Amino acid sequence: MAGRGTTATIALERAGIPFTVHEYAHDPRHDSYGLEASEALGIAPDRVFKTLIADVDGKLVTAVVPVAGELDLKALATAAGGKKAAMADVAAAERATGYVAGGISPVGQRKRLPVVLDASALDGPAMFCSAGRRGLEIELAPADLVRAANATVAAIGRPKG
């Protein structure tokens, strides 16, 4: 992966955290980056996680939830020690993380935002999340992501509905 690393993969390498990179051809017409990754890589959508940036009481927070579900903003606010959460403005999320929407990773962010990982990530030996650009996913053990991102684990995801 020499010369093709992202700030996310570089951060994981520096931390000595094992991971595998999976690349696929991103289709800009696809309406869901996470489901596209799941389909392209042939991975169950409950093992692929999307990285969302929310505003909790005026502070940006990173939420990592399965692509098959959605973020429970009330649960995120509670997990982040706040009262109210709303999705952050895309431009603000991109500025703070240094990544583009659809490629935001929970690790290697420009400004290290607090990270809350949905508890369902711990249900399996491996999980997938963005490696820092569209069409690139990292596979790693959930406990390693918790360590790399200094994440809090909480039930912040819910089924789509």
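Author: Start with the nonpolar core. The term means a set of buried Ala, Val, Leu, Ile, Met, Phe, Trp, Tyr and Cys residues joined through side-chain atoms within 4.5 Å. Buried means under 20% relative accessible area, exposed over 50%, and partly exposed in between (1.4 Å probe, protein chains only). One caution: this is a predicted model, where local features need pLDDT of at least 70 and side-chain atom pairs count only at pLDDT 80 or more, while totals for chains, interfaces and linings use all residues. Residues are numbered from 1 along each chain as its sequence is written, and side-chain values use heavy atoms, with hydrogens and water left out.

Reader: How many residues has the largest nonpolar core, and which have the most contacts inside it?

Author: The largest nonpolar core has 26 residues. Those with the most contacts inside it are L12, V107, L117, M127, I138, L140 and L145. Two or more residues come from each of helix 1 (7–14), strand 2 (49–56), helix 4 (90–97), strand 6, strand 7 (127–133), strand 8 (136–140) and helix 5 (142–149). Helices (H or I, at least four residues) and strands (E, at least two) are DSSP runs, numbered from the N terminus. A second, separate core has 13 residues, including A75, A77, A85 and V116.

Reader: Which residues does I138 touch?

Author: Contact means heavy atoms within 4.5 Å. Not counting residues up to four places away in sequence, I138 touches A8, L12, F19, T20, S105, V107, M127, F128, C129, S130 and A131.

Reader: S105 is among those contacts. Where is S105 found?

Author: S105 is found in the loop between helix 4 and strand 6. S105 is buried, with a relative accessible area of 0%. Its side chain reaches the backbone oxygen of S130 at 2.9 Å. Leaving aside neighbours within four places in sequence, S105 is in contact with A8, T51, Y99, S130, A131, G132 and I138.

Reader: Now strands. How do I read side-chain directions?

Author: In a regular strand the side chains alternate between the two faces of the sheet. Take strand 6 (residues 115–118): V115 and L117 point one way, V116 and D118 the other way, and all are buried.

Reader: In which sense does strand 6 pair with strand 3 and with strand 9?

Author: Two strands pair if DSSP finds at least two bridges between them. Strand 3 (residues 59–66) and strand 6 pair in the parallel sense over three bridges. There, V64 has L117 as its bridge partner. Strand 6 and strand 9 (residues 152–154) also pair in the parallel sense over three bridges. The bridge partner of V116 in strand 9 is T152.

Reader: Last topic: charges. How many salt bridges does a search of the whole structure find?

Author: Side chains of opposite charge can pair when their charged atoms come close. A salt bridge is a side-chain nitrogen of Lys or Arg within 4 Å of a carboxyl oxygen of Asp or Glu. The search finds five. One of them joins D27 and R29, the closest N and O atoms being 3.1 Å apart. D27 is partly exposed at 25% relative accessibility, and R29 is exposed at 72%.

Terms used:
A polar contact is a pair of N or O atoms within 3.5 Å; within protein, one must be able to donate a hydrogen and the other to accept it, and residues adjacent in sequence count only if both atoms are side-chain atoms.
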